[in-house]
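I opened my notebook next to the model today and jotted down what I looked up. Have a look with me.

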Amino acid sequence: MSSRTNVSCLHEAKRVAIFGGTHGNEMSGITLVNMWKQNSAEIERNGLLIKPFISNPKAVEKCTRYIDTDLNRAFTPENLSAPDVEGLLYEVQRAKEINRMFGHKGSSDAYDVIFDLHNTTSNMGSTLILESSTDLFNLQMVHYIKKAMAPHTCSVLLNEHPQLKYSTTRSVAKHPIGLEVGPQPQGVLRSNVFESMRTILKHALDFNEFFNSGVEFPPCTVDVFRVQERMDYPRDTNGNITAMVHPHLQDCDWEPLNRGDPMFLTFDGRTILYEGANTVYPTFINEAAYYEKQQAFTTTCREILAANAIRKAFK
Ligand SMILES: CC(=O)N[C@@H](CC(=O)O)C(=O)O
Ligand SMILES: [Zn+2]
């Protein structure tokens, strides 16, 4: 036992998976994972069992986001407990398989960490996605990664919203963490995006190795962007889109959007302004995969999270 009371002692995090191809057209994660499946030297760390894994191989083969339904929304209690009958949607079947291999979700047998590698068509740069503001291990990890990446920025998106949170593939693990790097078109590999993702993952694995070796991480704070609201495109009565993201907003992910700022440009040249009372920080602006989800961008607010000091509990 530590003589200090302010250090949280956490269970060691030994089993770590790296998922690529949760969406079959996001090429950086797919390429990195396939590379590491062939030669894992780069991702090996002392005291860690690391498994690179293609999560939606059929979608990867077709270079499409999904076959029947979005795998990264499929890890609901209903899907995971559905009986194994013929005719299940491919991704529901796959979610059940992944839950058996890396879960079970919510149980003590689950993998410790799943890094899920994604690309966005939005100009978000390097982003880490968290699902909980109270996961000390993940908060300390993103703090470590942000520091290691400096002077390059690495934003943290906190998706903890009661209605907007979704049942991700990584949610099977005790410590789920998403990596979202852009801009990169679907089906395209860009070297800068590929290299950023590779560097973030290197730092993430280093953190994990240090933690398991017994290193103590001091208290820290993390600047995050907390998911607030989904904004849809303007539509006509038939549901067809009538406007585009305004040129002043396009590519301005993470930059403040104030009341009265341009938001959309209609096809007939009219500007639609943002009318919310508070300043928000938009992200996933004009993400290609979100047209089908009726989402032009996500608004977030800034928040500073504090994390206790942590170290591994001695057995
Ligand atoms: C563009 C994209 O696929 N983004 C991911 C974000 C995440 O992993 O939470 C998704 O919607 O599933
Ligand atoms: Zn994705």
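At what angle do helix 5 and helix 6 pack, and how far apart are their axes? I found an angle of about 130 degrees, with the axes 9 Å apart. Axes here are lines fitted to C-alpha atoms, for helices over the stretch in contact, and angles run from 0 to 180 degrees between N-to-C directions. That makes helix 5 oblique to helix 6, since angles under 35 degrees count as roughly parallel, over 145 as roughly antiparallel, 65 to 115 as roughly perpendicular and the rest as oblique.

Before going on, I noted the ground rules. This is a predicted model, in which local features need pLDDT of at least 70, side-chain atom pairs count only at pLDDT 80 or more, and totals for chains, interfaces and linings use all residues. Residues are numbered from 1 along each chain as its sequence is written, while chains are lettered from A and ligands numbered from 1 in the order in which they are written.

Next I counted elements: the chain has six helices and 14 strands. These are DSSP runs numbered from the N terminus, with helices being H or I of at least four residues and strands E of at least two.

Back at the helix pair, I listed who meets whom. Met141, Tyr144, Ile145, Ala148 and Met149 of helix 5 meet Ile200, His203, Ala204 and Phe207 of helix 6; contact requires C-beta atoms, placed from the backbone, within 7 Å. I sorted these residues into eight nonpolar, one polar and no charged. In this sorting Ala, Val, Leu, Ile, Met, Phe, Trp, Tyr, Cys and Pro are nonpolar, Asp, Glu, Lys and Arg are charged, and the others, Gly among them, are polar.

Then I turned to helix 1 (residues 27-38), whose axis comes within 9 Å of that of helix 6 (residues 191-212) and crosses at roughly 60 degrees. Helix 1 is therefore oblique to helix 6. Here Ser28, Gly29, Thr31 and Leu32 meet Val193, Phe194, Met197 and Arg198 of helix 6. I get four nonpolar, three polar and one charged for this contact.

I also checked the peptide bonds. Ala150 and Pro151 are joined by a cis bond with omega about 10 degrees, and Pro151 sits in the loop between helix 5 and strand 6 (154-158). Another cis bond joins Gly182 and Pro183, with omega about 10 degrees; Pro183 is in the loop between strand 7 (175-182) and helix 6.

Methods:
Contact = placed C-beta atoms within 7 Å.
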